[in-house]
Amino acid sequence: MKPLGNVDLKSSTLVKISGYVFVSILFFYLGKQWSESDGYRQLVFFTSHQNPNSHSVSLSPNLNSTFNLSSLPNDTGIPASQNVASSVSPPADGVISSSPPPQPVLKRMGVLDENGVMMDDFEVGDIDPDVLENWALGNETEEAPSEGSIREKVRVKKFELCPESMREYIPCMDNLEAISKLNSTEKGEKFERHCPEEGHGLNCLVPAPKGYRKPIPWPRSRDEVWFSNVPHARLAEDKGGQNWITVDKDKFKFPGGGTQFIHGADQYLDQIEKMVPEIAFGKRTRVVLDVGCGVASFGAYLFSRNVLTLSVAPKDVHENQIQFALERGVPAMVSAFATRRLLYPSQAFELIHCSRCRINWTRDDGILLLEVNRMLRAGGYFSWAAQPVYKHEPLLEEQWEEMVNLTSRLCWTLVKKEGYIAIWQKPLNNTCYLSREEGTQPPLCDPDDDPDNVWYVNLKACITRLPEEGFGSNVTTWPARLQSPPDRLQSVKIDAYISRRELYKAEAKYWKEVIEGYVRALHWKEYKFRNVLDMRAGFGGFAAALIENQLDCWVMNVVPVSESNTLPVIYDRGLIGVRHDWCEPFDTYPRTYDLLHAAGLFSREKKRCNSSTIMLEMDRILRPGGMVFIRDSLAVMDELQAIGRAMGWHVSVRDTSEGPHASYKILHCDKPLKQP
C-alpha cells in the first residue's frame with residue numbers, strides 16, 4: 001500500500017503545477033490582447049457628486065481628448081488656464097470636471113531671483129522669537145548618534161597636557177631647531193615664522209600658569225590685570241622708570257605711560273592731534289598700526305576716541321609685551337619688520353606710529369620704510385617719536401638727515417616736527433612718483449605686483465603704486481564707513497563680477513540677524529567677552545554686527561589664504577584683520593581670545609588639513625573660560641564634537657534659526673576655567 005500512496009501524492013502535486021501554468025498562460029494572453037487593441041481602455045471613475053449616500057460609475061472626462069504637450073511648458077505669459085483650454089478638446093459627453101485648486105505661491109528666500117540674478121530686496125528668512133528664546137536650553141543633540149542613525153560615532157583619544165615649559169608656546173616663533181639652521185639672523189630672520197614640519201606640530205594642550213584667574217573685564221583691564229595670568233616681572237623691572245607698568249600686590253598696573261610719553265598716553269595723543277588736526281582721531285583716522293608697542297598703552301587709550309589700533313612687536317628680549325597687551329584687551333599680534341611682508345593688506349592704516357620702536361628705517365635703502373609705505377593709506381600719516389628727531393648729537397643728526405632724504409624720495413611730506421615727534425604724510429596718488437628724476441631710488445614697483453599678496457612674500461625694495469581709480473584713498477569717515485560698500489570691493493577676485501555689492505549687503509544683513517538672535521536668546525552681552533577672533537571673516541559682516549549691537553569687544557578678522565582676499569575691504573570698513581593659513585599655527589600667545597567664531601571653516605579646509613590640527617590651535621589661543629561657536633555642515637559635526645570632548649571642552653550642538661532639518665548646525669563649546 002505504501003507505493004500506491006506515493007504515486008497518488010505525486011499525481012496530485014503534478015495536477016496543481018499544471019493548473020498554475022495554465023492560468024499564467026491565460027492571463028498573459030488576455031493582457032497581450034488588451035494592450036494591442038485600438039487605443040487604451042476607457043478609465044472609469046466612481047463619483048458621488050449627486051448623492052453622498054449613493055455611488056455611480058462615470059467615464060474619464062478626458063476620454064477622446066487630445067493634448068498639445070509641446071505648448072504646456074512654454075512660458076508665454078498667457079495664464080495657465082488659457083493654455084490648457086486651447087490645447088484640450090472638450091469631453092465627448094459634455095461633462096466638465098471642476099478645476100483643481102490654485103497652487104500656493106512659493107516664498108523665495110535668499111538673494112537670487114528665478115533667473116539667478118542677485119537682488120537687493122532679498123530676505124534672509126524670518127526669525128521665530130519663540131525658537132530663539134528656547135535656543136539656549138533646547139535643540140541640543142545627544143552625544144551619541146540616535147538609534148538607527150547611519151552616522152558613525154567618532155572616537156578621539158583624550159589629549160594630554162603639554163609640559164609646563166610650554167605655557168607661553170607659540171609654535172612658529174619657538175621652533176628653535178629651525179631657527180638654529182638659518183643662514184643669517186642679522187636682519188631679524190629669527191623673529192619671523194618658522195613653523196614645525198608636518199607631523200611635528202602641537203599634539204597636546206598648552207597649560208595655563210598656576211593660579212590662572214578669569215581675566216579682569218574691560219574697561220578695568222586697561223589699567224590692571226592679574227599677575228598670575230602673565231607672571232613675568234622682567235618688563236616691570238626693565239621699564240619701571242618709564243611709567244609703563246608696575247607690580248601692585250597680585251596685579252600689574254598700567255599708568256598709561258611710555259618711553260616717549262612718560263606723562264601719559266592721553267596727553268601724548270592730544271599733542272599729535274594738535275600738531276596735525278587733519279588726523280581727526282575717531283573720524284578720519286579709524287585704524288592705526290602701533291609698531292614696537294610696549295604694553296600697548298598708545299592703542300589702549302585710543303579706544304576711548306573710537307580708534308582701533310593694532311599693536312605689533314616681535315617676541316624678543318621683552319617677549320611678553322604683546323601678551324600684556326592682549327591680557328589688557330588691546331588688539332595685538334606677534335610680528336616683526338625683518339625680511340617678509342607683514343600679513344596686512346596695502347592701504348590698511350590711516351596712521352602708523354613708532355615710538356622708540358628700535359627699528360632702523362633707513363637700512364637696506366629703506367626697505368623697511370617701504371613696507372610701512374605699502375600698508376599706509378593714501379593720504380595717511382607716519383608718526384615717529386625717537387631720539388634723532390630731537391637730540392642734537394652728531395650720530396643722531398646724521399640719522400635724521402638720512403630719514404629726511406629717504407622720505408623725500410618716497411614723496412612723503414614732513415607736515416610737522418615738534419618736540420620729540422615728527423609726522424609725515426603719504427601722497428594721495430602717483431603724480432609725485434611719476435614726476436621724479438629718472439633713476440631715482442627706490443623705483444616704483446612693477447604694475448603687475450600685487451601689494452595685497454602677503455603670505456610668505458619677501459619685502460620688495462620698491463614703492464607700491466597707488467590704484468589709478470583712487471581705490472583706498474576715498475573711504476568715508478567713521479562710523480559711516482562701517483556699512484558703506486567701499487570701492488575696493490570691485491577689486492576682490494571672486495567668481496561674481498556685478499554681484500559683489502549684493503554679496504556684501506547680503507552678508508551684512510545675514511550677520512545682523514544672527515547676532516541680534518545671539519544677543520536676545522543667548523544673552524551675549526552678559527558674557528563680557530573682549531577679545532574675539534573670526535576665523536573665516538568674509539567681508540567682516542560678523543564683526544560689523546557686533547559693533548552695531550554695541551558689544552564692547554574687538555574682532556581680529558582672519559581671511560584664510562585658501563579663499564579670495566577680502567582683507568582690503570575689511571580695513572576700508574574700519575576693522576582690522578590678517579591673512580592666515582589655518583593649516584599652520586597663528587601668530588599669537590596662548591590664552592589670547594575670549595570667543596572664537598568659525599562659519600563654514602572646517603568643511604572648507606578638511607581637504608587641506610586635519611580638523612584636530614585646527615582645533616588644537618584653537619584650544620591654545622582660547623582663554624580658559626572662553627567660548628567657541630562653529631557654524632558648519634552636518635558632515636563635520638560628529639568629528640568636531642569628538643575632538644572637542646577629547647580636549648576637555650563642554651560641547652553641544654544647536655539648531656540654526658532655519659530649524660532642525662537644516663543642513664547646518666551650530667557647535668557651541670565652552671573651555672573650562674580649570675584644566676583637568
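Modeller: Asp365, Gly366 and Leu369 in H9 meet Met403, Leu406 and Thr407 in H11, where contact means heavy atoms within 4.5 Å. This is a predicted model, in which local features need pLDDT of at least 70 and side-chain atom pairs count only at pLDDT 80 or more, while totals for chains, interfaces and linings use all residues. Residues are numbered from 1 along each chain as its sequence is written, and side-chain values use heavy atoms, with hydrogens and water left out.

By class, the contact of H9 with H11 has three nonpolar, two polar and one charged residues; Ala, Val, Leu, Ile, Met, Phe, Trp, Tyr, Cys and Pro count as nonpolar, Asp, Glu, Lys and Arg as charged, and the others, Gly among them, as polar.

The axes of H9 (residues 363-375) and H11 come within 11 Å and cross at roughly 60°. H9 and H11 are therefore oblique to each other (angles under 35 degrees count as roughly parallel, over 145 as roughly antiparallel, 65 to 115 as roughly perpendicular and the rest as oblique).

Thr407 belongs to helix H11, which covers residues 394-409; helices are DSSP runs of H or I with at least four residues, numbered from the N terminus. With a relative accessible area of 1%, Thr407 is buried (under 20% relative accessible area, with a 1.4 Å probe and protein chains only). A polar atom of the Thr407 side chain lies 3.0 Å from the backbone oxygen of Val404. Leaving aside neighbours within four places in sequence, Thr407 is in contact with Leu369, Trp412 and Trp424.

Note on methods: Helices (H or I, at least four residues) and strands (E, at least two) are DSSP runs, numbered from the N terminus. Buried means under 20% relative accessible area, exposed over 50%, partly exposed in between (1.4 Å probe, protein chains only). A polar contact is a pair of N or O atoms within 3.5 Å; within protein, one must be able to donate a hydrogen and the other to accept it, and residues adjacent in sequence count only if both atoms are side-chain atoms. Axes are lines fitted to C-alpha atoms, for helices over the stretch in contact, and angles run from 0 to 180 degrees between N-to-C directions.
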